[in-house]
Amino acid sequence: MDPLGRFKIWVLTVLLIVQSGSGFYLPGSYPHKYAVGDTLSVKVNSITSIDTEMPFSYYSLPFCKPEGGIKDSAENLGELLMGDRIENSPYRFKMFTNESEVLLCRTDPLSADNFKILKKRIDDMYQVNLILDNLPAIRYTKKDGYVLRWTGYPVGIKVQDLYYVFNHLKFTVLVHKYEETNVARVMGAGDGAEMIPANRDGESGKPGYMVVGFEVVPCSFKHNSDSVKKSKMYEKYPSKIQCDPTTVAMPIKENEPIVFTYEVTFEESDIKWPSRWDAYLKMEGSKVHWFSILNSLMVITFLAGIVLVIFLRTVRRDLTRYEELDKEAQAQMNEELSGWKLVVGDVFRAPSSPALLCVMVGDGVQILGMGVVTILFAALGFMSPASRGTLITGMLFFYLVLGIAAGYVAVRLWRTIGCGDHKGWVSVAWKAACFFPGIAFLILTVLNFLLWGSHSTGAIPFSLFVILLLLWFCISVPLTLVGGYFGAKAPHIEYPVRTNQIPREIPAQKYPSWLLVLGAGTLPFGTLFIELFFIMSSLWMGRVYYVFGFLFIVMILLVVVCAEVSLVLTYMHLCVEDWKWWWKSFFASGSVAIYIFLYSVNYLIFDLKSLSGPVSATLYLGYSLLMVLAVMVSTGTVGFLSSFWFVHYLFSSVKLD
């Protein structure tokens, strides 16, 4: 293929990845056609709050329960790990049938415990999350002339010293008429129209609709509880209900019941089914966000390009000047050697704690591979927010499978440091299989005890703990050992120069090397700090994150900058006759994790100011620590492997005998 053709393919690929960030179509979810009068069932998820970051079950509060009892919906591993608990609800609609003043239930008189917990949930600003046809309920509010979007609605509100509950819900269901008789044409896959049969038996003549929007307006309405003592669920409330979201009228009191009602209106919409998630994926001020990301990418790319050009010119000039000399001049120059040429006999001397370095590099390859593959699949739309938990499930799956890469890299590096010695490779492979997962398991266990003590649905059930342990020891560990076996069989990387028996003394440095290592992390941090804000907002502020196309580009750029920073720092150390480059090259790029952790603390203080209680802060810092550890290991691995390749190339490209 000619260069122009390759260029066109690359441009098309990048455009597809960037376009996928807008979420125009979400693979893995399909339209559901409803006929007029078909039953629509509303589901409930865990109630959540950005003030505590601890989800609780919907039915932990005195809400109306469905007639047939509470039933759990099918959940995947990712949903359970994220704290989602999706259950059925008493809310039910009939397609394109407007209803008003529908009685849901009259609760029992509030006990002291229920009254106390309801007040606490209102104080902590908990949100109720409803789901219809896989769409979360969305609420619109106006502030300073801007329309803000929220998923869910508050449990209640405190006005002065009284607590008011939102006991009447006004639903609006947006539907789009099912015009095509063929699913493939609705989905935009016209080529497959012949493969999918059209409706038969006259069904195509019946009007059908697809749900493309689910909006809710919560109201606090003062009901007469005595008037519905003998009424049943779904009967009409005896008087007119006026829903006014700007006023509150239903204060909660101990030993008094609460009456819940709702109304639903169906509206035909021009929104097509593939675009129904657009309202959730749009972020306020999105143009500013996209401009900021693009500006950051351009600046960092420019800086990285300058660093790379200067660095390559310096090294190439150094090599060329040395290799062009004749033998006599080389012999004379050898007496006047300075800089990196003096450490030729020590540059490949084994580092301190070589096994730990091999384990961390192996685990870094595993984590980095998991991140790249997961984000790539998400950017292509296979892990959409419509499929809850698939992102976490995908990350876990790819991490388990890539255990084979961790074992291979760790053992092969171990054999390279040991100059081909097979001894101890099994121990290194075992440590690679247990190092990062062991730390993660320890952190999650401690945090889980805190969640268990708070009775939060965010706590991982004991059965899931057992499943995670089985996945770890029955899949990840064996695959890592298999990778280690292949690494032991593969030929080790031979050093281009011999190592002296007596180590060379490192001269005193003007600046401590750790200062350079710490400062090296600032450039990689500059590539991702804007994107990091969006990710943190998604994790802790309940916003939907779906610009995975840009995230993929940022991640690739981060890898390139980490490699360049580590190369420059390694070369600087060799030039001042410091041959202990192994760990320094790892932490030069890995030090970006320090700045990410500081940013996390800053985010906690200034953006999560309302985060209440030591348990919530501990949860936040614990999860942040786990994230930072994963970033350090993966970015450090990039820096080390690039530096190892550079040092090997540098000393094999010049004659220093």
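Guide: Let us begin with Cys575, which has 31% relative accessibility and therefore counts as partly exposed, since that term covers the range between buried (under 20% relative accessible area) and exposed (over 50%), with a 1.4 Å probe and protein chains only. This is a predicted model, in which local features need pLDDT of at least 70 and side-chain atom pairs count only at pLDDT 80 or more, while totals for chains, interfaces and linings use all residues. Residues are numbered from 1 along each chain as its sequence is written, and side-chain values use heavy atoms, with hydrogens and water left out.

Visitor: Why does Cys434 count as partly exposed?

Guide: Cys434 has 26% relative accessibility, so it counts as partly exposed.

Visitor: What makes Cys64 and Cys105 a disulfide?

Guide: Their sulfur atoms are 1.8 Å apart, and a disulfide is a pair of cysteine sulfur atoms within 2.5 Å, so the pair qualifies. Cys64 lies in the loop between strand S2 and helix H2 and Cys105 in strand S4, so the bond ties together parts that are 41 residues apart in sequence. Both Cys64 and Cys105 are buried.

Visitor: Why is the disulfide of Cys219 and Cys243 called right-handed?

Guide: The torsion about the S-S bond of Cys219 and Cys243 is about 55 degrees, so this disulfide is right-handed, whereas for Cys64 and Cys105 the torsion is about -80 degrees, so that disulfide is left-handed. Cys219 and Cys243 are joined with an S to S distance of 1.7 Å, and both are buried.

Definitions and conventions
Helix = DSSP H or I, 4+ residues; strand = E, 2+ residues; numbered from the N terminus.
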